[in-house]
Amino acid sequence: METTALQRQLLVTVDGSVNISNVTRAIKMLRGVTAIKPAKTAVKKPRLYDPETGECLNEQTMKVIEKVRSGKEEMHHFDSVDDFKSWCEAL
């Protein structure tokens, strides 16, 4: 008579200070472990939000902010509102 063992999965979460290879090696030593695969974790994009309303900036605004931070977007500096006004009128 053949017995088939029911396979179960266990998800282990560790903090960033833990050496994953040490944890993997320790888990492999346990009886009955058949496979270990690292999970794919999604990278969270930074979001800016208004603390008064709790609303986040939209994707288009966040893309422009990232371009400015990385130096891919042209920036303008004005010493006064009048300088800004004259620049806008020249457009």
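Modeller: We can start with the overall fold and then move to single residues. Keep in mind that this is a predicted model.

Colleague: How many helices and how many strands are there?

Modeller: The protein has three helices and zero strands. In sequence order the pattern reads α-α-α.

Colleague: And what is its radius of gyration, against the globule rule?

Modeller: The radius of gyration is 26 Å. The globule rule gives 12 Å for 91 residues, so the protein is more spread out than a compact globule.

Colleague: What does the C-alpha trace span along its principal axes?

Modeller: About 90 × 25 × 25 Å.

Colleague: Which residues make the nonpolar surface patch?

Modeller: Leu10, Val12, Val14, Val18 and Ile20 make it. The patch covers about 440 Å².

Colleague: Take leucine 10 from that list. Is it buried or exposed?

Modeller: Leucine 10 is exposed, because its relative accessible area is 77% and the cut-off for exposed is over 50%. It sits in the segment before H1.

Colleague: And valine 18, where is that?

Modeller: Valine 18 is also placed in the segment before helix H1, which runs 20-28. Its relative accessibility is 31%, so it counts as partly exposed.

Colleague: Switching topic. How many aromatic pairs does a search of the whole structure find?

Modeller: Three aromatic pairs turn up. In one of them, phenylalanine 78 and phenylalanine 84 have ring centres 5.4 Å apart. Their planes are at 70 degrees, so that pair is edge-to-face.

Colleague: Which residues form the aromatic cluster?

Modeller: Phe78, Phe84 and Trp87 form one cluster.

Colleague: How far apart in space are leucine 10 and phenylalanine 78?

Modeller: They are 58 Å apart, C-alpha to C-alpha. In sequence, 68 residues separate leucine 10 from phenylalanine 78.

Colleague: On to charges. How many salt bridges does the structure hold?

Modeller: One. The side chains of glutamate 66 and arginine 69 meet in it, at 3.4 Å from N to O.

Colleague: Where do those two residues lie?

Modeller: Both glutamate 66 and arginine 69 are in helix H2. They are three residues apart, about one turn of the helix.

Colleague: Why would that spacing put residues on one side of a helix?

Modeller: An α-helix has 3.6 residues a turn, so residues three or four places apart point the same way.

Colleague: How open are the two partners?

Modeller: Glutamate 66 is partly exposed, with 35% relative accessible area. Arginine 69 is exposed, at 58%.

Colleague: Staying on H2, what should its 12 residues span?

Modeller: They should span 16 Å at 1.5 Å a residue. The end C-alpha atoms of H2 are 16 Å apart, which agrees.

Colleague: What follows H2?

Modeller: Glycine 71 follows H2, and its phi is positive, near 85 degrees.

Colleague: One more. Where does aspartate 50 sit?

Modeller: Aspartate 50 is in the loop between H1 and helix H2, which covers 59-70. It counts as partly exposed, at 34% relative accessibility.

Colleague: How far is aspartate 50 from leucine 6?

Modeller: Their C-alpha atoms are separated by 50 Å. Along the chain, aspartate 50 and leucine 6 are 44 residues apart.

How values were computed:
Residues numbered from 1 in each chain as written. Predicted model: local features only at pLDDT ≥ 70, side-chain atom pairs only at ≥ 80, totals over all residues. Heavy atoms only, no water. Patch = residues over 30% accessible without salt bridge, like charges linked within 9 Å, V, L, I, M, F, W, Y side chains within 5 Å. Areas by Shrake-Rupley, 256 points an atom, 1.4 Å probe, with all protein chains shown as cover. Salt bridge = Lys/Arg side-chain N within 4 Å of Asp/Glu carboxyl O. Helix = DSSP H or I, 4+ residues; strand = E, 2+ residues; numbered from the N terminus. Buried < 20%, exposed > 50% of the residue type's maximum accessible area, 1.4 Å probe, protein only. Phe/Tyr/Trp six-rings, centres within 6.5 Å; stacked < 30°, edge-to-face > 60°. Expected span 1.5 Å × (residues − 1). Rg over C-alpha atoms; globule rule 2.2 N^0.38 Å.
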